[in-house]
Amino acid sequence: MTRTGAIALEISNLRKRYGQKVAVDDLSLRVNEGEIFGILGPNGAGKTTTVECAEGLRHPDGGTVRVFGIDPYRDRTEARQLVGVQLQESQLPDKITVTEAISLYASFYPRHADTEALLTRLGLTEKRDTRYRKLSGGQKQRLSIALALVGSPRLVVFDELTTGLDPAARREGWRLVKELRDDGVTVLLVTHYADEAERLCDRVALIQSGRVVACGRPDELIDRGSASHATLDDAIVALTTGEAS
Amino acid sequence: MTAITTEPARMPRDSEHRDSGRSAFRNLVSTETKLLVREIVPLLWGVAFPIVLLSIMGGFSHGPDKSLGGLSLVATYEPILIAFTISTFALQGLAPVLAGYRERGILRRLNATPVGAGRLLLAQLTVNMSVTLIATLGILIVGDAGFGVSLPTQPAGFILALVLTSAAMLSLGLLIASLARTARVAGAVGTMIFLPLMFFAGLWVPQATMSAALRRAGDDTPLGAAVSALQHSMAGQWPSASGLAILAGYTVAFGVLAWRLFRWE
């Protein structure tokens with residue numbers, strides 16, 4: 001899937017702790033430009049902390065993080081022009097309209113996308129003058145995706161893109177992720193749904209207790225789990241619990 | 001299907017950084033202004049209420065009153081109502097809005113953009129300060145045109161007192177936003193602090209009618225010092241150095257604490 005052979009994100013020996021609790025412990029991974037890379041693991045495995053270090057929102061206690069060769073914490077302005085993010089549990093002011101939000105965020109980036117085209121693409125044109133509070137859950141999610149894309153990023157991080165969405169909206173999200181890759185955008189997808197990772201991702205890193213326990217193509221992981229494991233879901237259970245079958 | 005991005009990104013030049021930073025700040029200020037205007041309650045409370053109260057005072061005002069130190073009722077209340085406006089926007093506007101932005105992940109989201117949430121904080125301060133100035137002008141104009149309270153005869157001193165009062169109250173608002181985890185708590189704490197501060201400003205009992213001990217205690221509070229400084233400069237005197245120093249001291253103390261305690265998430 002790598003078109004140019006460039007590395008979009010390289011994390012080496014990352015460590016991060018909060019007080020006594022170790023969130024990420026010697027984690028390394030590499031995301032190639034142009035691929036959809038999944039970070040998969042149970043709740044509290046350190047997925048969000050890992051991507052927050054990649055987004056420059058957290059300073060690692062150890063190890064290095066490079067986004068297209070840039071340190072996202074030290075050179076945050078440069079890095080943040082290249083990375084679009086959709087964060088878990090991040091909202092907008094109740095009374096801001098869809099158009100206002102997207103125009104505001106567009107003004108944060110020197111090279112921003114066409115906001116009209118983005119609204120059309122995400123099916124928000126009819127909701128352009130609607131206030132945030134009046135949007136449905138799926139519409140709010142689509143708006144947060146629009147804000148992640150408005151800066152024309154080379155890498156997009158989706159943290160729990162489809163959590164809480166109905167099946168139709170989930171499929172819509174998956175379609176969008178594939179289209180982004182077709183446009184040459186690298187996608188980092190944080191999820192705890194194995195079916196989502198299996199369906200979408202070119203490669204997956206399975207994270208547990210702040211470490212990568214397995215990394216590879218979804219079909220490789222399924223084989224590695226055991227020949228009898230038919231889905232990635234089964235393989236994950238086998239790989240993370242050491243359950244023999 | 002519209003492609004969102006197909007061409008490789010390039011690094012923007014420095015001038016582009018600066019331009020986009022300026023336009024981002026302008027957009028933040030205009031968006032925050034729109035959001036403030038859509039909240040009808042703070043505007044009623046912070047702008048309409050003081051002007052209505054001033055007009056009522058004006059209706060009952062019968063010239064200079066010895067018990068008010070020779071000032072009319074309406075002239076006594078004008079600086080009190082200016083302090084009221086400033087405090088309303090700082091304690092019940094800025095503080096809960098910022099705490100709510102943090103609570104809802106808005107500050108964190110902005111920190112993931114090239115602009116950063118610090119600009120939003122500056123935009124909030126700018127908007128609150130501007131609304132306060134406009135409301136103050138409104139109070140001064142209504143007092144002058146409607147009830148014969150002349151405009152400040154020591155304008156430089158008045159502006160200095162106004163700026164220091166705003167600075168002290170906005171940094172107190174920032175401190176509340178630093179300590180409170182939610183918008184609701186920030187709003188409640190803001191109101192709890194607002195009431196005693198307004199007492200010493202003389203909202204219920206003007207300073208001139210307070211006992212000497214109470215007035216001395218009040219002089220050391222932010223709004224007690226603020227109202228004295230505003231009152232003196234309105235009457236043509238330079239505000240007392242100690243009053244201005246007290247306001248500056250509160251600004252520094254609250255500001256430093258807020259700076260150290262403020263969290264983006």
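Two residues are in contact if their C-beta atoms, placed from the backbone, lie within 7 Å. Helices (H or I, at least four residues) and strands (E, at least two) are DSSP runs, numbered from the N terminus. Axes are lines fitted to C-alpha atoms, for helices over the stretch in contact, and angles run from 0 to 180 degrees between N-to-C directions. The model is predicted: local features need pLDDT of at least 70, side-chain atom pairs count only at pLDDT 80 or more, and totals for chains, interfaces and linings use all residues. Residues are numbered from 1 along each chain as its sequence is written, and chains are lettered from A and ligands numbered from 1 in the order in which they are written.

**View 1. Helix 1 of chain A lies across strand 1, strand 2 and strand 4 of chain A.** Helix 1 covers residues 47–54 and runs at about 120° to strand 1. The three strands form an open antiparallel sheet in the order 2-1-4. Strand 2 and strand 4 (62–67) stand at the edges with a single partner strand each, so one side of each has no neighbour in the sheet. From one strand to the next, the twist averages 15°. Two strands pair if DSSP finds at least two bridges between them; strand 1 (residues 7–18) and strand 4 of chain A are joined by five bridges in the antiparallel sense. The bridge partner of A:E10 in strand 4 is A:R66.

**View 2. A:D26 and A:S209 of chain A have positive phi values.** A:D26, which is not a glycine, has phi of about 60° and is found in strand 2 (residues 21–32) of chain A. Phi of A:S209, also a residue other than glycine, is near 45°. A:S209 is placed in the loop between strand 8 (203–208) and strand 9 (211–216) of chain A. A residue is buried if 20 or more other C-beta atoms lie within 10 Å of its own, exposed if 12 or fewer, and partly exposed in between, with C-beta atoms placed from the backbone. A:D26 counts as partly exposed because it has 14 C-beta neighbours inside 10 Å; for A:S209, 15 other C-beta atoms within 10 Å give partly exposed.

**View 3. A:R170 is found in helix 6 (residues 167–182) of chain A.** With 18 other C-beta atoms within 10 Å, A:R170 is partly exposed. Leaving aside residues up to four places away in sequence, A:R170 touches A:T162 and A:L165. A:E196 is 26 residues from A:R170 along the chain, and their C-alpha atoms are separated by 9.0 Å.

**View 4. Chain B meets chain A through 29 residues of chain B and 36 residues of chain A.** Helix 1 (14–38) and helix 4 (106–111) of chain B each supply at least two residues of the side that touches chain A. Helix 1 of chain B gives the most, with 10 residues. This side of chain B has 13 nonpolar, 11 polar and five charged residues. Ala, Val, Leu, Ile, Met, Phe, Trp, Tyr, Cys and Pro count as nonpolar, Asp, Glu, Lys and Arg as charged, and the others, Gly among them, as polar.

**View 5. Helix 7 (residues 183–201) and helix 9 (residues 222–234) of chain B cross at roughly 35°.** Their axes come within 7 Å. B:L197, B:M198, B:F200 and B:A201 in helix 7 meet B:P222, B:L223, B:G224, B:A226 and B:V227 in helix 9 of chain B. The residues of this contact divide into eight nonpolar, one polar and no charged.
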